[in-house]
Amino acid sequence: MANQSYNLFCPTAMAAELLEPRWTMLILCEMGSGSRNFADIQRGVPGMSPSLLSRRLRGMEAAGLIMREDVPGTQKAHYLLTTKSQELLPIINELGHWAHRHLDSRVALDRLDDRMLMWNVRRKIVRTLLPQRRTVVEFLLDRDDGSAAKYWLIMRPGQETDLCSIGPKFDVDLYIVASLRDFTSAWMGHSRFETEIGAGRIKLIGDAALAQSLTRWMVRSCFATDQNVSADNPAAAARVRAV
């Protein structure tokens with residue numbers, strides 16, 4: 001898959017040849033998080049064009065990292081991880097944890113992407129901790145360039161969480177208003193939701209119970225090291241309140 005070979009028998013060099021083509025590890029991470037069809041994989045790696053993703057998937061299939069499975073009766077396909085790539089996932093995830101521990105968070109927060117952020121926030125919702133009805137949360141996130149991003153999460157009992165970038169025709173239960181930078185910082189674990197909310201940088205407007213339990217039902221990134229702090233810290237939880 002690599003454009004050039006190290007031309008060495010070293011296993012590390014051979015592994016690098018397999019994984020170095022741009023986007024390969026991110027595609028594997030996205031598939032490891034549950035995405036199986038082309039559209040979902042693309043939403044998880046929003047910087048890729050469809051043509052590049054198609055080429056990379058074909059190359060990964062040829063390398064034995066994924067399998068393509070046609071959906072009977074349609075022209076669609078599912079992409080599945082092979083045993084080889086499943087063994088790789090813990091290594092790739094540990095690489096991410098290493099980077100999160102050692103690289104300057106200011107660098108990460110200069111590479112913001114609201115599409116990737118919200119696609120990952122969507123998959124970390126704990127629906128069993130939400131009311132047993134449809135719940136709609138609207139995010140208003142100000143980008144560094146002065147533009148604004150709007151997203152809606154629609155949660156229903158027993159169904160996958162929907163992410164919309166066009167407003168649904170439903171009443172909103174909770175608004176989350178913040179800069180993209182501050183929200184990403186809290187969700188990734190560079191800061192804490194309690195700190196950002198207490199300082200007024202993240203505002204929660206609407207249903208007080210949803211606001212109070214935010215850090216329980218919206219689990220942060222796997223790279224954040226103090227998950228669900230409010231569940232074990234009533235004093236911190238008391239500071240999370242609706243505006």
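Two residues are said to be in contact when heavy atoms of one lie within 4.5 Å of heavy atoms of the other. In the predicted model examined here, Met-25 meets this criterion with Leu-19, Ile-92 and Leu-95, once its neighbours within four places in sequence are left aside. Met-25 belongs to helix H2, which spans residues 24–32. Its relative accessible area is 29%, and Met-25 is therefore partly exposed, a class that lies between the limits of 20% and 50%. Between Met-25 and Lys-203 there are 178 places in sequence and, from C-alpha to C-alpha, 35 Å in space.

The chain as a whole contains 13 helices and seven strands. Its radius of gyration is 20 Å, close to the 18 Å given by the globule rule for 243 residues, so the chain is as compact as a globular protein of that length. Along the principal axes, the C-alpha atoms fill a box of roughly 60 × 45 × 35 Å. Buried residues make up 37% of the 243 residues. Of the contacts between residues at least 6 apart in sequence, 58% join residues at least 24 apart.

Five of the strands form an open sheet in the order S5-S4-S3-S6-S7, and the pairing within this sheet is mixed. Strand S5 (162–164) and strand S7 (202–206) each have a single partner strand, so these two stand at the edges and one side of each is left without a neighbour in the sheet. On average, neighbouring strands are turned by 20° against each other when direction is ignored. In general, the strands of a sheet pair through backbone hydrogen bonds, in either a parallel or an antiparallel manner. The parallel sense applies to strand S3 (residues 135–142) and strand S6 (residues 174–179), which are paired over six bridges. Within S6, Ala-178 is the residue that stands opposite Leu-141.

Helices also pack on this sheet. Helix H7 (residues 114–123) touches S3, strand S4 (148–155) and S5, and the direction of H7 makes about 15° with that of S4. Helix H8 (residues 180–188) touches S3, S6 and S7, and the direction of H8 makes about 105° with that of S6.

The largest nonpolar core comprises 31 residues, and Phe-139, Phe-183 and Trp-217 have the most contacts inside it. H8 gives the most to this core, contributing five residues. Beyond its neighbours within four places in sequence, Phe-183 is in contact with Leu-117, Val-121, Phe-139, Leu-141, Ile-176, Ala-178, Phe-193, Ile-202 and Met-218. Another core, of 20 residues, lies apart from the largest one and includes Leu-19, Met-60, Leu-65 and Ile-66.

Ser-191 is found in the loop between H8 and helix H9 (193–198). Its relative accessibility is 14%, and Ser-191 therefore counts as buried, the limit being under 20%. Not counting residues up to four places away in sequence, Ser-191 touches Ser-185, Ala-186, Glu-196 and Arg-220. Arg-220 itself lies in the loop between helix H11 (214–217) and helix H12 (229–232). Because its relative accessibility is 5%, Arg-220 is likewise classed as buried. The side chain of Arg-220 reaches the backbone oxygen of Ala-186 at 3.0 Å.

Note on methods. Residues numbered from 1 in each chain as written. Predicted model: local features only at pLDDT ≥ 70, side-chain atom pairs only at ≥ 80, totals over all residues. Heavy atoms only, no water. Pairing = 2+ DSSP bridges. Helix = DSSP H or I, 4+ residues; strand = E, 2+ residues; numbered from the N terminus. Axes fitted to C-alpha atoms, helices over the stretch in contact; angles between N-to-C directions. Core = buried A, V, L, I, M, F, W, Y, C linked by side-chain atoms within 4.5 Å. Buried < 20%, exposed > 50% of the residue type's maximum accessible area, 1.4 Å probe, protein only. Polar contact = N/O pair within 3.5 Å; in protein donor to acceptor, adjacent residues only side chain to side chain. Rg over C-alpha atoms; globule rule 2.2 N^0.38 Å.
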